[in-house]
Amino acid sequence: MASAAEQLARNLNFATFAKAKALQQRIWFTLGALLVYRLGTYIPVPGIDPGAFAQSFQSSSQGIFGMLDLFAGGAVQRMAIFALNLIPYITASIVIQVITTASPRLEALRKEGESGRRKINQYTRYLAVVFCAVQAYGIAIGLEASQGVVLNPGWFFRLSTVITLVGGTMFLMWLGEQITSRGVGNGISLIIFAGIVANLPTTIVQTLELTRQGALSGLAGLGILVLAIVVIGVIVFFERAQRRLLIQYPKRQVGNKMFQGDTSHLPLKLNTSGVIPVIFGSSLLLLPATIAGFAAQGNAPQWLQVTAALLGRGQPLYLILFAVLIIFFSFFYTAIVFNPQDTADNLKRSGGFIPGIRPGERTAQYIDYVLTRITVVGALYLTVIALIPELIHSQLNVSQFIGGTSLLIMVTVTLDTISQIQSHLIAQQYEGLVKKSRLGGKRR
């Protein structure tokens with residue numbers, strides 16, 4: 001028998017959406033915030049020659065800077081105020097989450113509820129400022145090393161660049177929080193999503209131009225299109241896949257009547273961590289690679305030039321580190337968002353149990369066993385999907401967009417946003433039913 005939430009979800013239609021004025025306001029706010037973000041990607045950093053930088057960027061657009069530009073929505077190739085995007089903030093979030101698991105003080109803060117989470121978020125912002133300042137200073141040094149890009153090199157240019165890029169990232173952090181609280185949610189993911197989608201028309205034109213010029217054969221272009229469609233289907237399948245554990249509730253007696261025990265399911269997603277491991281892995285690799293890449297353009301020591309070469313996009317070390325980081329964050333983030341012991345305790349308190357498994361500790365061990373097995377499959381799926389663009393690029397030298405990383409982020413964020421909108425509609429419809437029932441009771 002379908003639950004009340006499932007029945008409400010089936011009744012959703014355009015008429016329900018037309019009545020959801022609050023949801024419409026949230027959607028318009030989200031679109032307006034994303035428009036502000038896109039406008040910021042066209043405002044260049046002061047003190048540089050945009051034309052000279054565009055020529056300099058072309059020589060390195062197929063490397064790590066092209067990947068950074070993919071997440072920044074074209075802001076890197078224009079050296080805009082949002083060139084760093086949210087990469088420093090995401091990196092800071094990773095570091096803080098890792099430290100939280102090892103620090104009893106931060107772990108206690110996390111368990112305090114909303115006040116504790118606010119303090120941890122504040123620490124994350126402080127660390128993001130540090131990462132952003134270091135990365136912005138590296139970019140300023142790299143810009144000065146490029147011939148003719150900086151109009152007036154010196155400390156004033158470096159300081160203004162650091163302030164501009166740090167301010168841009170801080171503004172995007174604030175904007176993402178506003179989208180999460182006043183929009184449809186997932187502000188950080190939606191900003192990255194908007195940047196990737198903005199490059200879609202350019203990517204299609206570039207791919208068609210490569211085919212017209214003969215640099216990419218028509219068969220290869222058709223193969224890329226078919227592969228993109230297959231990858232989208234695979235992503236949707238794996239993101240919707242679940243392992244449902246049967247939950248049994250005992251019989252209960254009310255008066256002289258004995259009621260049959262209910263059954264339900266505990267859904268465990270195959271990919272509990274979503275797109276987070278790919279974003280985290282990319283962000284963690286982009287920070288040192290960007291600094292090393294810019295520094296290596298000048299009179300850098302030999303070891304720094306070697307490091308920049310090894311961390312270049314498509315290089316074996318880069319691919320290995322990327323795969324290791326995705327697998328690590330798949331397990332790490334799953335452990336953060338899902339606690340088998342808490343789930344087992346909640347089932348025990350409500351009288352539910354998994355058939356054949358003793359309630360309590362044994363149930364927690366069984367859930368953890370099942371979750372670990374499906375997380376292995378989910379981590380391998382994310383790794384394969386994320387490495388597809390790297391392999392395609394090394395073989396065909398096509399755009400960053402043609403591949404799994406960008407498609408994974410686009411499809412996952414789209415599915416998550418649709419779920420958020422459905423949740424708002426279900427909540428509004430439920431509130432409407434409650435109001436009707438109250439009015440009916442008063443009339444009686």
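## Salt bridges

A salt bridge here is a side-chain nitrogen of Lys or Arg within 4 Å of a carboxyl oxygen of Asp or Glu. By that rule, the structure holds two salt bridges. In one of them, the side chains of Arg125 and Glu177 meet at 2.7 Å, N to O. Arg125 lies in helix H8 (residues 114-145) and Glu177 in helix H9, so the pair ties together parts that are 52 residues apart in sequence. Helices are DSSP runs (H or I, at least four residues), numbered from the N terminus.

## Ground rules

This is a predicted model: local features need pLDDT of at least 70, side-chain atom pairs count only at pLDDT 80 or more, and totals for chains, interfaces and linings use all residues. Residues are numbered from 1 along each chain as its sequence is written, and side-chain values use heavy atoms, with hydrogens and water left out.

## Where H3 meets H9

Helix H9 (residues 155-182) also pairs up with helix H3 (residues 21-40): their axes come within 9 Å and cross at roughly 170°. That makes H3 roughly antiparallel to H9, a label for angles over 145 degrees. The axes are lines fitted to C-alpha atoms over the stretch in contact, with angles from 0 to 180 degrees between N-to-C directions.

On the H3 side, the residues in contact (heavy atoms within 4.5 Å) include Phe29 and Leu34, while those on H9 include Phe171 and Ile179.

Technical notes. Helix = DSSP H or I, 4+ residues; strand = E, 2+ residues; numbered from the N terminus. Parallel < 35°, antiparallel > 145°, perpendicular 65-115°, else oblique.
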